[in-house]
Amino acid sequence: MAQKGAPKRGYESISWVWFDIDDTIVDFTSNSRQAMDIVYGMTPLLKGLFSSAEAWIETYERHNRQLWARFNNGEIDSSYLRVQRFIGPLTEAGCPTEIAHENAAPLDAQYLDILAAQPGMIDGSADLIEGLHKLGLKIGVLSNGFSGIQEKKLVTAGVAGLIDCVVLSDQIDINKPDRRIFEYAMRKTAESNPESHLMIGDNPVTDIAGAINAGWRAIHFDSGFNGMEIAEGGAVRVGSLRLILPLFMPKMPGER
């Protein structure tokens, strides 16, 4: 059960702050829909199968969510996800299976290239990363996203130069929330003390539960929440990234 309030300080032991990318640093939801709208406008096959860009996006997102749930559970690999999330919507709309298979990989490549160039950011993310960097903290990225694309997103977001370490699941074939990806991140930074690491992410399972299970501290960014509280498991839950930086500020004289 959540507790009222949240600590005003308490992160003195943290030396590494890790971020999820999608819907924590970059506004993945808006960026993805914008990219999908562009793909629809460029692709006669999609216009022939779906009555509107909105119908295409709704169908794609439904299949994509289901596949990502399976991917995060380790049931499927990224190669299967990346083509099946297009094959599924196409065949559902009546596209012959052979044509769907022929077009899935090109559509995936086109979509990801456009997606990486979309500039939408989560409010306060760039300021938070810059502020933590100025405090002398190391900044890491820990994502279940695809290598190559995730790095491009960080460049588009303008924060790539502030990132000290990037760990992506498809580089090691281990997905969050598996404890091993957090342990791998610690080995990569040569900081073996779990209490020196903190994860900031939007997913309560892959980001938050995964981090806590690995012995890390965690901050759950929940855009549908208003305020700040200590959530179940000891993570801090915030409705705005702008509430986080003060938690890392040195205590003032006389402050408890």
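**The cavity and beyond**

Modeller: The largest cavity is lined by Asp22, Val26, Phe28, Asn31, Leu115, Gln118 and Lys153. Keep in mind that this is a predicted model. How is such a space found? Rolling a probe the size of a water molecule over the atoms shows where empty space is left. Here, a search of the whole structure turns up one cavity of 30 Å³ or more. The volume of the largest cavity is about 30 Å³. Sort its lining by class, and you get three nonpolar, two polar and two charged residues.

Now the rings. The whole structure holds 12 aromatic pairs. Trp68 and Phe71 make an edge-to-face pair, with centres 5.1 Å apart and 85° between the planes. The angle counts as edge-to-face because it is over 60 degrees. Both residues sit in helix α3, which covers residues 53–72. Trp68 and Phe71 are three residues apart, about one turn of the helix. Is Phe71 buried or exposed? Phe71 has 3% relative accessibility, so it counts as buried, the cut-off being under 20%.

The charged end of Arg82 sits over the ring of Phe146, 5.0 Å from its centre. Arg237 lies over the face of Phe225, and here the distance to the ring centre is 3.9 Å.

Next, the backbone. Most residues other than glycine have a negative phi, and most peptide bonds are trans. Look at the loop between α8 (169–172) and α9 (179–189), where Pro177 lies. The peptide bond from Lys176 to Pro177 is cis, with omega near 15°. Asp173 is also placed in the loop between α8 and α9. Asp173 is not a glycine, yet its phi is positive, about 60°. Asp173 has 70% relative accessibility, so it counts as exposed, which requires over 50%.

Then move to the loop between α9 and β4 (197–201), where you find Ala190. Ala190 is another residue other than glycine with a positive phi, near 65°. With 70% relative accessibility, Ala190 counts as exposed.

How values were computed. Residues numbered from 1 in each chain as written. Predicted model: local features only at pLDDT ≥ 70, side-chain atom pairs only at ≥ 80, totals over all residues. Heavy atoms only, no water. Phe/Tyr/Trp six-rings, centres within 6.5 Å; stacked < 30°, edge-to-face > 60°. Helix = DSSP H or I, 4+ residues; strand = E, 2+ residues; numbered from the N terminus. Buried < 20%, exposed > 50% of the residue type's maximum accessible area, 1.4 Å probe, protein only. Lys NZ or Arg CZ within 6 Å of the ring centre and 35° of its normal. 1 Å grid on protein atoms, 1.4 Å probe; cavity = no way out; pocket = protein on both sides within 12 Å on 5 of 7 lines; lining within 4 Å. Points joined across faces, edges and corners; volume = space filled by probe spheres on them. Nonpolar A, V, L, I, M, F, W, Y, C, P; charged D, E, K, R; others polar.
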